[in-house]
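Subject: Structure handover

Hello,

Here is the structure for your files. My notes on it follow below.

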Amino acid sequence: MGLLNSLSFRRLQKGVDAANMRQNALANNVANVDTPNFKRSDVSFESFLREQERGLQSSLRAKVTDSRHIQFGSTGNVPSPVIQTDKRTSMNNNGNNVDIDREMALSAENQLRYSSYVQLLNSQISMMRTATEGR
């Protein structure tokens with residue numbers, strides 16, 4: 001099992017993918033702020049990941065006699081980001097539901113999230129490099 005195939009590394013990779021998709025969705029929302037009947041979209045990933053993590057912690061525990069045994073419930077699957085469109089709300093009389101202030105705040109939050117994912121990925125790669133080079 002390599003570090004690049006580990007569950008935490010794959011989660012971080014999917015997080016970067018989700019942040020990229022979210023930035024595109026937010027940019028599309030801003031570009032269509034004045035388009036009549038346009039409905040904003042966003043990307044869901046972190047909530048799916050949280051739900052999966054809750055599901056992974058089963059109340060049923062396996063009896064392990066060796067540290068290499070695998071616990072129940074650790075499927076190793078990482079959820080994929082999903083684009084969702086909010087069709088229920090409306091901000092303006094023209095049916096558009098884009099609030100430019102909210103989009104800018106979400107964009108700043110997404111940028112911070114992206115930076116933290118990349119920083120964690122770099123940290124894991126640095127640890128792998130240190131281990132392989134023996135420094």
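Where does UniProt place the feature "domain: Flagellar basal body rod protein N-terminal"? The unreviewed entry puts that feature at residues 18-39. UniProt positions are given here in the numbering of this file, feature names are shortened, and annotations may be inferred rather than shown by experiment.

This is a predicted model, in which local features need pLDDT of at least 70 and side-chain atom pairs count only at pLDDT 80 or more, while totals for chains, interfaces and linings use all residues. Residues are numbered from 1 along each chain as its sequence is written, and side-chain values use heavy atoms, with hydrogens and water left out.

Overall layout

The protein has 3 helices and 2 strands, in the order α-β-α-β-α along the sequence. Helices (H or I, at least four residues) and strands (E, at least two) are DSSP runs, numbered from the N terminus. Of the 135 residues in the protein, 29% are buried; buried means under 20% relative accessible area and exposed over 50%, with partly exposed in between (1.4 Å probe, protein chains only). The protein exposes about 9,200 Å², and carbon and sulfur atoms supply 51% of that area. Accessible areas come from the Shrake-Rupley method with a 1.4 Å probe; for residues, only the protein chains shown count as cover. Among contacts (heavy atoms within 4.5 Å) with a separation of 6 or more, residues 24 or more positions apart account for 79%.

The annotated stretch

Residues 18-39 are 64% helix and 0% strand, and the C-alpha atoms at the two ends are 20 Å apart.

Ala 18 sits in helix α1, which covers residues 7-31. The helix has 25 residues and reaches 36 Å from its first C-alpha to its last, close to the 36 Å expected at 1.5 Å a residue; the expected span is 1.5 Å times one less than the number of residues. Its buried residues include Phe 9, Arg 11, Ala 18, Arg 22 and Asn 29.

Ala 18 has a relative accessible area of 0%, so it counts as buried. Leaving aside residues up to four places away in sequence, Ala 18 touches Val 43, Phe 45 and Pro 81. Pro 81 is 63 residues from Ala 18 along the chain, yet their C-alpha atoms are separated by 5.3 Å.

Asn 37 lies in the loop between α1 and β1 (41-44). Asn 37 is not a glycine, but has a positive phi of about 65 degrees. With a relative accessible area of 58%, Asn 37 is exposed.

Regards
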